[in-house]
Amino acid sequence: MSAWIQPKRYRRRILWILLLFVGTLVLSYVCKADRPSQNCFQQVADDDGDKLLDDVQQSIPQPTEDGRNIFFHETSCSKDGLVRLNARQACAIESAARANPEWNIFVLFAAPVGFRNRTAQPIVEALLDYRNVHLRYVNLTTYGNDTPLEEWMQNGEIFRSKYMNSHLSDVMRYLTLYKYGGTYLDLDVIVRRSFEKLAPNYAGAESVKWVAAGVMNFEPKGHGHELADMCVRDLLANFNGQDWGNNGPGVVTRVLRKYCETQSTVHMTRERCRHFTVYPINTFYAIGFEDYKQFFEEKYLDQALATLNQSIAVHVWNKFSKNHPVIVGSRVAYGVLADQHCPKVYRSCGPIF
């Protein structure tokens with residue numbers, strides 16, 4: 001009897017080991033399937049008659065040396081190679097272009113994309129009515145050249161990240177500000193006022209402990225470039241592909257804690273931080289992520305607009321809010337703000353914004 005039980009136990013153990021091995025393979029396959037491949041971001045031949053966007057490093061106009069540049073990054077990998085922006089992303093771009101008509105707005109796509117029929121996307125067509133909006137492609141194989149991230153980019157470390165799209169956006173925002181200087185904005189903001197009166201070199205506090213990375217400005221030279229260099233080097237030293245926030249707000253927060261010699265964003269004043277300002281929470285992040293529903297429910301309209309009254313830009317926390325629809329014409333705060341600050345996109349996006 002015992003001679004039979006012993007092999008049976010071994011067979012069960014072997015079966016469990018095999019099941020575990022197969023499960024690991026399946027999980028690995030699923031994770032890789034959800035993560036865009038590196039090939040998706042490589043330059044492809046234009047064999048379908050599509051007109052690819054120009055490489056931002058070679059196109060005209062170039063970002064200006066006076067820092068009057070606003071950058072957005074779209075880091076999804078388009079499977080069909082076409083320019084794609086949703087209404088809320090386009091709203092962010094239009095609001096920046098309207099509020100800053102003398103600034104160049106660069107929308108940088110991490111994948112090689114282009115147009116087949118521009119009129120098929122009314123919201124993109126609406127954006128291109130603005131002469132200061134420029135859609136460009138970023139060649140990831142050369143974008144880090146002559147920067148502290150050159151070798152790191154060439155090694156493809158970013159493509160091994162658990163949160164690749166988000167972390168690629170983190171890398172590109174710091175790298176772009178290092179290369180060109182100007183203002184970086186997330187694609188889930190609405191710009192309410194011009195940036196003209198803001199002295200260069202700033203970000204905004206999300207809380208007493210954290211500086212957020214959704215709105216940042218570094219001048220191309222001087223103190224701004226020094227800080228952008230510090231951010232790029234911090235990213236290189238501390239990049240963590242398994243931690244969602246480490247490479248975005250984590251970078252600018254760590255750098256400014258050292259630069260300003262304080263742990264509190266309240267004390268990160270222009271005097272203490274040597275020509276850099278961390279604006280208070282109500283400047284860019286007046287409604288925090290935990291209260292994002294205030295943008296989407298009519299009962300909060302008056303309260304939300306009052307809270308945002310002093311804000312220069314409004315961050316709507318797409319990570320949490322992307323699945324909350326806005327019916328065009330409804331009296332919710334996000335819709336009211338869109339109607340005011342991105343009217344062309346808002347009125348061309350159809351019934352749902």
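1. In this note a residue is called buried when its relative accessible area is under 20%, exposed when it is over 50%, and partly exposed in between (1.4 Å probe, protein chains only). Cys349, at 18% relative accessibility, therefore counts as buried.

2. The structure is a predicted model, in which local features need pLDDT of at least 70, side-chain atom pairs count only at pLDDT 80 or more, and totals for chains, interfaces and linings use all residues. Residues are numbered from 1 along each chain as its sequence is written, and side-chain values use heavy atoms, with hydrogens and water left out.

3. A disulfide is taken to be a pair of cysteine sulfur atoms within 2.5 Å. The model contains 2 disulfides by this rule.

4. The link is left-handed, with -80° about the S-S bond. Cys91 belongs to helix α2 (residues 87-99) and Cys342 to the loop between α11 (333-341) and α12 (343-346), so the bond ties together parts 251 residues apart in sequence. Helices (H or I, at least four residues) and strands (E, at least two) are DSSP runs, numbered from the N terminus. Cys91 and Cys342 are both buried.

5. The sulfur atoms of Cys260 and Cys273 lie 2.0 Å apart and form a disulfide. This link is right-handed, at 120° about the S-S bond. Cys260 is in helix α7 (residues 249-260) and Cys273 in the loop between α7 and β10 (277-279), so the pair ties together parts 13 residues apart in sequence. Both Cys260 and Cys273 are buried.

6. For Cys349, the closest cysteine sulfur is that of Cys342, at 8.2 Å, which is too far for a bond. Cys231 counts as buried, at 1% relative accessibility.
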